[in-house]
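Keep the sequence and the model side by side as you read.

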Amino acid sequence: MINNRTLRRGEDFAAAGLAETEIVDRVAERYAVAVTPLLAGLIDAENEDDPIARQFVPDLRELETAPAERADPIGDHAFSPVKGIVHRYPDRLLLTPLLHCPVYCRFCFRRERVGGAEKALDEAELTAALDYIRAHEEVWEVVITGGDPLMLSPPRLAAMMRALDAIPHVRIIRLHSRIPVADPDRITADLIDALQIDRATVWLAVHCNHEREVSAPASAALRALSRAGIPLLGQTVLLRGVNDKAETLEALFRALVANRVKPYYLHQLDLAAGTDHFRVPVEEGRALMRELRGRVSGVCQPTYILDIPGGHGKVPIGPAYLEEGIVMDWQGGAHDYAPDRR
Ligand code: SF4
């Protein structure tokens with residue numbers, strides 16, 4: 001039975017019929033664990049392969065590390081000049097004011113760091129991070145991530161947004177969040193007000209991996225954000241047993257677009273420790289992208305993207321359609337296309 005509390009301990013999962021106490025508690029010794037009541041309620045406990053359970057219910061395979069996996073898969077640490085900042089590209093950087101989330105994904109790329117409200121930046125650390133942004137005039141876009149920045153209280157979020165808005169060279173503030181699907185009741189009028197600033201443009205990227213996450217409350221939260229004038233992007237991680245079928249991705253991307261969320265990235269899973277059971281080979285990901293091309297319009301197509309291990313940035317890894325004068329159509333037909341040849 002699911003109650004209205006976030007599931008955190010083995011006994012909570014056992015009482016909800018989702019996992020054995022000992023398994024959850026063993027995994028929780030190493031990685032943060034939480035499932036919101038809304039997401040727990042979406043799980044079909046009778047289905048061993050439930051895609052929502054697979055994303056959030058701890059599994060002993062998380063305690064096995066494959067040879068290629070690493071603690072800091074995208075090299076955040078190497079590009080962090082001050083606490084709470086990751087500055088990898090000249091014109092944009094990450095600001096991570098906190099490292100806790102409403103729910104902990106079992107494949108999280110920052111799983112060695114997330115969890116615990118005590119890991120949030122204190123006032124002095126946040127001031128130092130903002131000073132760094134002020135001092136770097138080449139920074140056009142600030143990506144606020146974590147953890148989940150919408151876990152900040154509306155007054156604290158508003159203060160941070162105003163401080164960023166007061167930095168003239170910052171033109172775009174992009175927040176990355178799981179809250180609209182994981183805990184949409186937090187998308188209150190006060191929180192939306194906190195995102196309303198005068199000068200810079202605010203974007204919100206929503207992490208969502210399966211159509212069922214777009215529940216009725218999630219849909220209402222997305223509409224409220226969209227009505228407030230905030231453009232919405234969708235971020236999806238390609239995951240074995242969750243969304244590794246073309247029809248599953250199609251249903252997800254249609255649901256996102258119908259809720260005014262533009263699918264932005266389909267992420268190849270990062271090499272975080274204990275996530276091998278979620279990994280889909282790149283060739284399979286490319287085949288899925290090819291199949292999607294014929295199934296849904298361009299507005300539903302994300303870019304299939306790899307964050308290069310070690311912190312070297314993101315690159316598209318989708319299928320190539322035009323090579324050596326031959327272009328492939330969406331049905332697999334080959335056609336000559338060489339207008340540049342003379
Ligand atoms: S919401 Fe994001 S940061 Fe938090 S556990 Fe999931 S993937 Fe990690």
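Which residue lies over the face of Tyr-31? Arg-111 does, at 3.7 Å from the ring centre. Bear in mind that this is a predicted model.

The whole structure holds 2 aromatic pairs. One of them joins Phe-107 and Phe-278, with ring centres 5.5 Å apart. Their planes stand at 75 degrees, so this pair is edge-to-face; the cut-off for that label is over 60 degrees. Phe-107 belongs to the loop between β2 (92–95) and α5 (123–135). Phe-278 belongs to the loop between β7 (261–267) and α11 (282–295). The pair therefore ties together parts that are 171 residues apart in sequence. Both Phe-107 and Phe-278 are buried.

Tyr-264 and Tyr-265 form a stacked pair, because their planes are at 20 degrees and stacking requires under 30. Their ring centres are 4.0 Å apart. Tyr-264 has 22% relative accessibility, so it counts as partly exposed. Tyr-265 has 16%, so it counts as buried. The line between the two classes is drawn at 20%.

Finish at Asn-259, in the loop between α10 (246–258) and β7. Its relative accessibility is 8%, so Asn-259 counts as buried. What does Asn-259 touch, leaving aside residues up to four places away in sequence? Its contacts are Val-214, Ser-219, Leu-222, Arg-223 and Leu-232.

Conventions: Residues numbered from 1 in each chain as written. Predicted model: local features only at pLDDT ≥ 70, side-chain atom pairs only at ≥ 80, totals over all residues. Heavy atoms only, no water. Phe/Tyr/Trp six-rings, centres within 6.5 Å; stacked < 30°, edge-to-face > 60°. Helix = DSSP H or I, 4+ residues; strand = E, 2+ residues; numbered from the N terminus. Buried < 20%, exposed > 50% of the residue type's maximum accessible area, 1.4 Å probe, protein only. Lys NZ or Arg CZ within 6 Å of the ring centre and 35° of its normal. Contact = heavy atoms within 4.5 Å.
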